[in-house]
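Please look at the sequence and the model below before reading on.

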Amino acid sequence: MPVAKRETEIYRRDAKLNHNLLTPAEREKLLEPYLPEPPTRQNSKAKKGSKVRVLPAEESHSRLGIRKFLKNQLHALVYVIIHTVFSIYIRFRVAYHGVKDRIFAILYYHHRTPELIQKDVKGLDRIPTHLSVILKLEDGGKGGAGLETLVDEVAEISAWCMCVGIPTLSVYEKTGILKGYVPATHRAITRKLSSYLGPDHPAVSLRAPHVPSIESAATTTTGEIISFAKPLSVLLLSAEDGRDSIVDLTKTLADMAQRAKLSSTDISVDLVDAELAESVMGEPDLLVLFSPIVELSGYPPWQCF
Amino acid sequence: MSLHLSQLRKWILESPPIEWSINQLREMLIGALRQGPIPQHIAFVMDGNRRFARSHKIETVEGHNLGFEALARILEICYKSGVKVVTVYAFSIENFKRSKYEVDALMDMAKIKLSQLSQHGQLLERYGACIRVLGQRDLVKPDVLKAVDKAVEMTKNNGDCVLNICFPYTSRDEITGAIKKTVDEYSKPLSAQARPFSQTRITQKIRSKNLDASPLRADSPTPSSNSDVDDSFSSTTTLHTDSPNGGGEASIYPDPETITTDTIESHLLTAGDPPLDLLVRTSGVKRLSDFMLWQCHEDTELVFLDCLWPEFDLWNFLPVLVEWQWKQKHLEDKEPANSVKNLKTKLT
């Protein structure tokens, strides 16, 4: 509203005295030059009225039209310029990030040694106890290649988590294709873990909401386990665990209310929170996305708190 | 030396011709933005007022005041460029945990600004904005509530655009409220008088018809028809036994299986607003802090900016809008092939 310096000063002095300095009328006068034109509906109505009465008004109208047209053209031009510049900028940015990530990936390559990963994390003073990642299925479900890379990514991230010492990992993938391959994913994770940590690694449990979990016993044959690696539980999520789970909860609650087992005043944030934590998961401490724009794409809304 | 330079800079920037041309530039940029697609619904988390106050060594309340000015600036940009709904996170339920002095000052500020707004009804009409306050009303003091109601009442008829002020609000509270309302709606029995046909009359009619029919049918030679009559009899008896449960005591409920996401959505505080396109959070904190959880989980673009809220202006906002437009255009152009620019982030 107040754009110019002088008016801003006056406004602030007024505000300091809890707006007792100026009367409403004075304040309106202060703002007058910065207000947009009154609504166009009235404008056009007035113009139409004048056109009926006096003809010469049409001339001024058309000149106004030309001015408006020119203004629009100018805006369109500026729009095109802005977007051209921005397009160039964003290409450079993508290239820059691509190169930077590649270089870092080479410099900090983990060589599948948990000690190196552990060293990377040493500088951090806090480590999340529940990490959540959003992954994307790349080829839209056609052919097995997309699924295979997805499983591989899950396995890789699980291995990193175990090396770092994060006890819970949840993997969100919109379509939920992974839920159909729980045993296969579990096998892939176990394989990846033994390639990182050797044959003796802590237990991994893999589960999805409403799917029985698959546990693997810790392979403590020699009793010599790397000290920092803790048992890991991995949770697979999909879009149906988001809004739909809240809808399901509502259905259950409505059903109970209909049979007079519960009154709607019993429903509280804590109840909903406890139920959703029970059936889906608790809230994660850190959410990692692997895309240039931050978009939750259907991630469970209650949990992305 | 640097002090002199900044003085000089300030003086030049404040001189009328420069001021005028900056305003013209702003107008032109906003006009240019209008040429492309514009998000219909933007949400802002106004974060950083306190930090701004601390870093500039002014009082916290003063920081909030400057934050309000920033809000006015941003609203002007939004409405001029054609945004329909703006939602701002003014006060979280969690914020009641802050010092009493600050909470009181914030409440006072809200009251003063809102009552001041209601003094300028005509000016508001020019923007055509209607104000709505979302949140837990019973947590607000009655005098503030009065100011809120007055402002809401006054702007009720302005239909061009909407300003949602989330004032004692958390998203979990909102979702819980929506669940509660849905449950309430579904636990209200449907009125039995909704249909003009009485079930008892129908059963009586069927029974009397069967009574009429059975002696006639008894004459017919085939035994199968007899069993037919038996069947219809049994069906009438079931009808009869069902009807007191079903229709008599008005205990028909809507089927809970018909609850969908839309049902819950219609009970949210933002019901009726277009889907959230853009959520901007200032001050570099990458959290949602319990704001618009339900609304922003689908295609909303979340933007986290490093600047503090009182500094937020067109120059910070413009890149965000341009990037959004750019993304929108490219989504239209090539729907499937957007995986090229997938940046891989390393986990460490």
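Lys192(A) counts as buried, because its relative accessibility is 9%; buried means under 20% relative accessible area, exposed over 50%, and partly exposed in between (1.4 Å probe, protein chains only). The model is a predicted one, in which local features need pLDDT of at least 70, side-chain atom pairs count only at pLDDT 80 or more, and totals for chains, interfaces and linings use all residues. Residues are numbered from 1 along each chain as its sequence is written, chains are lettered from A and ligands numbered from 1 in the order in which they are written, and side-chain values use heavy atoms, with hydrogens and water left out.

- Side chains of opposite charge can pair when their charged atoms come close.
- Over all chains, the structure holds 25 salt bridges, a salt bridge being a side-chain nitrogen of Lys or Arg within 4 Å of a carboxyl oxygen of Asp or Glu.
- Lys192(A) has a salt bridge with Asp152(A), at 3.1 Å from N to O.
- Asp152(A) lies in helix H6 (residues 145-164) of chain A and Lys192(A) in helix H7 (residues 182-197) of chain A, so this pair ties together parts that are 40 residues apart in sequence. Helices (H or I, at least four residues) and strands (E, at least two) are DSSP runs, numbered from the N terminus.
- Asp152(A) is partly exposed, with a relative accessibility of 39%.
- Asp241(A) and Lys179(A) also meet through their side chains in a salt bridge (2.9 Å, N to O).
- Asp241(A) is in the loop between strand E5 (232-237) and helix H8 (243-258) of chain A, and Lys179(A) is in the loop between strand E2 (168-173) and H7 of chain A, so the pair ties together parts that are 62 residues apart in sequence.
- Both residues of this pair, Asp241(A) and Lys179(A), are buried.

- In chain B, Glu76(B) forms a salt bridge with Lys80(B), and their closest N and O atoms are 3.1 Å apart.
- Both Lys80(B) and Glu76(B) lie in helix H4 (residues 60-81) of chain B, 4 residues apart, or about one turn of the helix.
- Glu76(B) is buried, at 10% relative accessible area.
- Asp152(A), Glu156(A) and Lys192(A) are joined into one network by salt bridges that share partners.

**Helix H4 of chain A**

- Val99(A) is placed in helix H4 (residues 57-107) of chain A, and Val99(A) is partly exposed, with a relative accessible area of 48%.
- Gln73(A) is also in helix H4 of chain A and counts as partly exposed at 43% relative accessibility.
- From C-alpha to C-alpha, Gln73(A) and Pro128(A) are 53 Å apart in space, and they are 55 residues apart in sequence.
- Residues 74-92 of chain A are 100% helix and 0% strand, with the end C-alpha atoms 27 Å apart.
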